[in-house]
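Visitor: Could you walk me through this protein? I would like the overall picture before any details.

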Amino acid sequence: MNGALPPDRRIVVVGGGIGGLATAFRLRQRLPAARITVIESAERWGGVVRTTREAGCVLEHGPDSILRSKPAGMALIADLGLEGEVQTTRSDARRSLIARGDRLLPVPEGFYLLAPGRWRSFLASGLVSWPGTLRMAMDLVLPRRAADAPEESLAQLVRRRLGREALERLAQPMIGGIYTADPEQLSIAAAMPQLARLESSHRSLILAMRARASEEPASGARYGLFASLRGGLGLLIERLVERLQDCDLRLATPASGITRTGDSWNITTPGGHLAAEQLVIAGPAHTAARLLTDAAPSLAQTLASIPYASVATINLAWPASALSGVPLGAGFVVPAIEGCTVIAATFAHQKYDGRVPEGHALIRAFVGGALHPRALAASDDDLVSQVLADLGRWLRIASPPVLARVHRWPDAMAQYTLGHRERLAAIRAAESELPGLALVGNGYEGVGIPDLCQQAEAAAVRLGGGG
């Protein structure tokens with residue numbers, strides 16, 4: 001049907017976050033004559049990508065990095081002419097740490113995902129007790145998982161191969177933290193399929209890590225895969241908006257409902273109805289579910305079944321003299337069993353150059369997620385106090401911060417729970433049966449910026465036709 005649409009077709013993109021803006025940009029490349037409208041309910045563009053500047057500091061309130069190994073994100077940066085603004089993590093800070101008690105312990109070289117590739121450095125790290133380490137070593141002799149075995153959660157996989165302590169001290173904070181997820185529910189097949197492939201190809205996760213460690217020092221090299229833009233990722237949003245000025249861009253314009261009449265999609269907004277031959281809904285699955293209740297009730301029901309968690313970021317700045325004891329590194333994660341409010345933190349002044357004035361330090365803490373939902377019930381002031389109390393366990397803080405900014409992201413983090421692949425297959429099948437519809441968001445094939453950029457490309461191909 002796409003081939004029969006006029007070149008000046010009407011397209012509405014609902015959602016002005018990175019997914020929606022990237023989709024509009026890719027559609028404009030493919031369909032220069034199309035009449036594209038992008039509507040966003042908020043009063044700013046960017047969704048969870050938000051960069052502000054205050055007191056000389058660059059504050060990232062959402063994501064601060066793009067994974068370079070996934071090409072769609074870097075391709076968008078190149079097509080926007082931003083290659084000269086790319087910066088990678090500082091080479092001397094390319095390591096992460098894990099909290100254990102009152103210490104921050106470095107993740108040793110050769111450690112990748114879940115298991116050590118280099119035993120000597122891992123044994124010296126103190127991350128896992130001797131009994132826990134011996135249990136991890138059993139992975140070397142355990143049989144390979146049956147090919148027809150049921151889907152596993154992260155917790156099930158790690159307990160089976162490496163034991164309980166490895167789950168609590170390593171897997172939950174390092175991998176579960178990426179998705180702010182409950183490891184008992186996080187689907188390995190949907191979120192980290194490479195883990196299942198490693199066991200399938202090497203039988204042992206440790207043997208797989210040993211093979212990888214012979215190629216690169218994973219603890220540091222992994223951070224070399226991350227990139228940002230000078231001045232923050234907000235520049236990506238600014239450039240997208242600049243390049244879409246020939247589109248109809250509308251802020252503070254929420255969609256309250258969507259219906260379909262004949263070959264037309266009808267979007268209800270406070271300013272009236274928008275009609276379009278093609279429609280992109282770019283945002284959380286629960287938003288798409290609400291909007292499609294009338295037009296596609298079965299699809300809406302499946303979309304609504306994808307759970308989400310809420311998170312908050314807290315940016316804190318000090319003069320460097322007031323914050324001593326910060327280890328060299330990009331940041332650290334905190335196991336849930338530590339009972340802290342903070343689930344992770346970034347040493348922003350060390351991770352990327354140019355984020356703070358000379359002689360200052362900036363820490364960005366994360367709270368909330370699937371395992372800590374009640375933390376977000378606190379007021380902003382109480383949340384800052386709790387975060388400072390946690391940071392005081394690991395860092396020597398001589399005075400209160402000169403800047404503290406809390407930003408909350410309710411129901412923003414998609415949870416790839418068991419059964420996600422089947423839900424996703426049903427969603428994409430239903431989408432394909434609705435002419436002119438494309439769904440883009442972190443509830444589908446990945447939660448990072450490159451994943452959304454890849455979905456944007458796929459949506460543009462679907463609606464624009466061609467390969």
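Guide: What follows is a short talk through the fold, some of its strands and a few single residues.

Guide: This is a predicted model, in which local features need pLDDT of at least 70 and side-chain atom pairs count only at pLDDT 80 or more, while totals for chains, interfaces and linings use all residues. Residues are numbered from 1 along each chain as its sequence is written, and side-chain values use heavy atoms, with hydrogens and water left out.

Visitor: Fine. How many helices and strands are there?

Guide: The protein has 17 helices and 24 strands; helices (H or I, at least four residues) and strands (E, at least two) are DSSP runs numbered from the N terminus.

Visitor: And what is the radius of gyration?

Guide: The protein has 23 Å, which agrees with the value near 23 Å that a compact globule of 467 residues would have. That radius is taken over C-alpha atoms, and the globule rule is 2.2 Å times the number of residues to the power 0.38. The C-alpha trace spans about 65 × 55 × 40 Å along its principal axes.

Visitor: How much of it is buried?

Guide: Of the 467 residues, 55% count as buried, where buried means under 20% relative accessible area, exposed over 50% and partly exposed in between, with a 1.4 Å probe and protein chains only. As for contacts (heavy atoms within 4.5 Å), residues 24 or more positions apart account for 74% of those with a separation of 6 or more.

Visitor: Let's go to the strands. Which strands does strand 14 pair with?

Guide: Strand 14 (residues 264–269) pairs in the antiparallel sense with strand 13 (residues 257–261) over five bridges, and five bridges also join strand 14 to strand 15 (residues 272–276), again antiparallel. Two strands count as paired if DSSP finds at least two bridges between them.

Visitor: What about the turns, and is strand 14 mostly covered or open?

Guide: Strand 14 is mostly covered, with five of its six residues buried. The hairpin of strand 13 and strand 14 has two residues between the strands, and Gly-262 takes a positive phi near 60° there; strand 14 and strand 15 also form a hairpin with two residues between them.

Visitor: Where else is there a glycine with positive phi in a hairpin?

Guide: One is Gly-101, with phi near 65°, in the hairpin of strand 7 and strand 8, which has two residues between the strands. Strand 7 (residues 96–100) and strand 8 (residues 103–106) pair antiparallel over four bridges, with Ala-99 opposite Leu-104. Strand 7 is joined by three bridges to strand 19 (residues 331–333), and that pair runs parallel; there Leu-97 has Phe-332 as its bridge partner.

Visitor: Which strands form the open sheet with antiparallel pairing?

Guide: Three strands form an open sheet in the order 5-11-6, with antiparallel pairing. Strand 5 (66–67) and strand 6 (86–88) stand at the edges with a single partner strand each, so one side of each is left without a neighbour in the sheet. Strand 6 and strand 11 (residues 226–229) pair over three bridges, and Gln-87 stands opposite Ser-228.

Visitor: Switching topic: which residues other than glycine have positive phi?

Guide: Among them are Ala-55, with phi of about 50°, and Ala-252, with phi near 50°. Most residues other than glycine have a negative phi. Ala-55 is in the loop between strand 3 (51–54) and strand 4 (57–60), and counts as exposed because its relative accessibility is 63%. Ala-252 lies in the loop between strand 12 (248–250) and strand 13, and at 44% relative accessibility it counts as partly exposed.

Visitor: Is Gln-415 buried or exposed?

Guide: Gln-415 counts as buried, at 6% relative accessibility, and it is found in the loop between strand 23 (403–414) and helix 16 (420–432). Not counting residues up to four places away in sequence, Gln-415 touches several residues, including Tyr-179, Asp-182, Tyr-308 and Ala-370.

Visitor: And what does Leu-434 touch?

Guide: Leaving aside neighbours within four places in sequence, Leu-434 is in contact with Trp-265, Ala-296, Leu-299 and Arg-462. Leu-434 is found in the loop between helix 16 and strand 24 (437–440), and is buried, with a relative accessible area of 16%.
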